Amino acid sequence: MKLHSTTTRHYQTVTAYFDNSVEINAVRFDYNLVVMPEVAPTAWPVASFNALTSENFAQIEAANPDVVILGTGKRQRFIHPRLIANLTARRVGVECMDSQAACRTYNILMTEGRRVALALIFD
């Protein structure tokens with residue numbers, strides 16, 4: 001589904017999403033990644049949702065977001081709280097949702113000026 005008809009040059013915007021990929025500023029990515037408004041998308045070395053570890057979230061924590069939106073694939077799944085204990089201790093909210101909802105939510109929070117991280121898993 002296309003979300004925007006034009007690209008945004010100043011911020012990393014989700015312009016389309018599909019079952020197994022996402023477009024950020026009209027560039028397609030078909031691997032797990034982390035997206036933040038002012039930083040180029042980076043690969044997220046996660047094998048699958050079931051293989052998530054607290055170390056996977058350390059990469060996101062290092063970027064110092066205010067909130068993390070975790071896209072868990074085609075369906076919403078919830079992570080164990082111990083995986084995000086460090087983020088929670090720093091009062092960083094982590095929301096789990098299916099990847100399409102995560103993309104839409106990221107765009108909304110980004111346009112509000114929030115320091116949001118979008119972490120996507122394509123299982």
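**View 1. Leucine 120 is a buried residue of the predicted model.** At 0% relative accessibility, leucine 120 counts as buried (buried means under 20% relative accessible area, exposed over 50%, partly exposed in between, with a 1.4 Å probe and protein chains only). Leucine 120 is found in strand E8; helices (H or I, at least four residues) and strands (E, at least two) are DSSP runs, numbered from the N terminus. Not counting residues up to four places away in sequence, leucine 120 touches Val22, Asn32, Leu33, Trp44, Gly71, Ser99, Ala102 and Cys103, where contact means heavy atoms within 4.5 Å. Leucine 120 and serine 21 are 99 residues apart in sequence, and their C-alpha atoms are 9.2 Å apart in space. This is a predicted model, in which local features need pLDDT of at least 70 and side-chain atom pairs count only at pLDDT 80 or more, while totals for chains, interfaces and linings use all residues. Residues are numbered from 1 along each chain as its sequence is written, and side-chain values use heavy atoms, with hydrogens and water left out.

View 2. With a relative accessibility of 7%, serine 99 counts as buried. Helix H3 covers residues 99–111 and lies across strand E4 (33–36), E6, E7 and strand E8 (116–120). The helix runs at about 165° to E8; axes are lines fitted to C-alpha atoms, for helices over the stretch in contact, and angles run from 0 to 180 degrees between N-to-C directions.

**View 3. Five strands form an open sheet****.** The order of the strands is E5-E4-E8-E6-E7, and the pairing is mixed; two strands pair if DSSP finds at least two bridges between them. Strand E5 (39–43) and strand E7 (93–97) stand at the edges with a single partner strand each, so one side of each has no neighbour in the sheet. On average, neighbouring strands of this sheet are turned by 15° against each other, direction ignored.

**View 4. Strand E6 pairs with E7** **and with E8****.** E6 (residues 67–71) pairs with E7 in the parallel sense over five bridges, and valine 67 stands opposite glycine 93 in E7. The pairing of E6 and E8 is also parallel and has five bridges. Here glycine 71 stands opposite leucine 120 in E8. Five of the five residues of E6 are buried, so the strand is largely enclosed by the rest of the structure. Val67, Ile69 and Gly71 point one way from E6, while Val68 and Leu70 point the other way.

**View 5. Glutamate 61 and arginine 90 form a salt bridge****.** The closest N and O atoms of the two residues are 3.5 Å apart; a salt bridge is a side-chain nitrogen of Lys or Arg within 4 Å of a carboxyl oxygen of Asp or Glu. Glutamate 61 lies in helix H1 (residues 54–62) and arginine 90 in the loop between helix H2 (85–89) and E7, so the pair ties together parts that are 29 residues apart in sequence. Arginine 90 counts as partly exposed, at 37% relative accessibility. Side chains of opposite charge can pair when their charged atoms come close.

**View 6. Aspartate 123 and arginine 77 also meet in a salt bridge****.** The N to O distance between their side chains is 2.6 Å. Aspartate 123 is in the segment after E8 and arginine 77 in the loop between E6 and H2, so that this pair links distant parts of the chain, 46 residues apart. Aspartate 123 counts as partly exposed at 44% relative accessibility, whereas arginine 77 is buried, with a relative accessible area of 14%. A search of the whole structure finds two salt bridges.

**View 7. The protein chain has three helices and eight strands****.** From the N terminus on, the elements run β-β-β-β-β-α-β-α-β-α-β. Buried residues make up 48% of the 123 residues. Among contacts between residues at least 6 apart in sequence, 59% join residues at least 24 apart. The C-alpha atoms fill a box of roughly 40 × 30 × 20 Å, taken along the principal axes.
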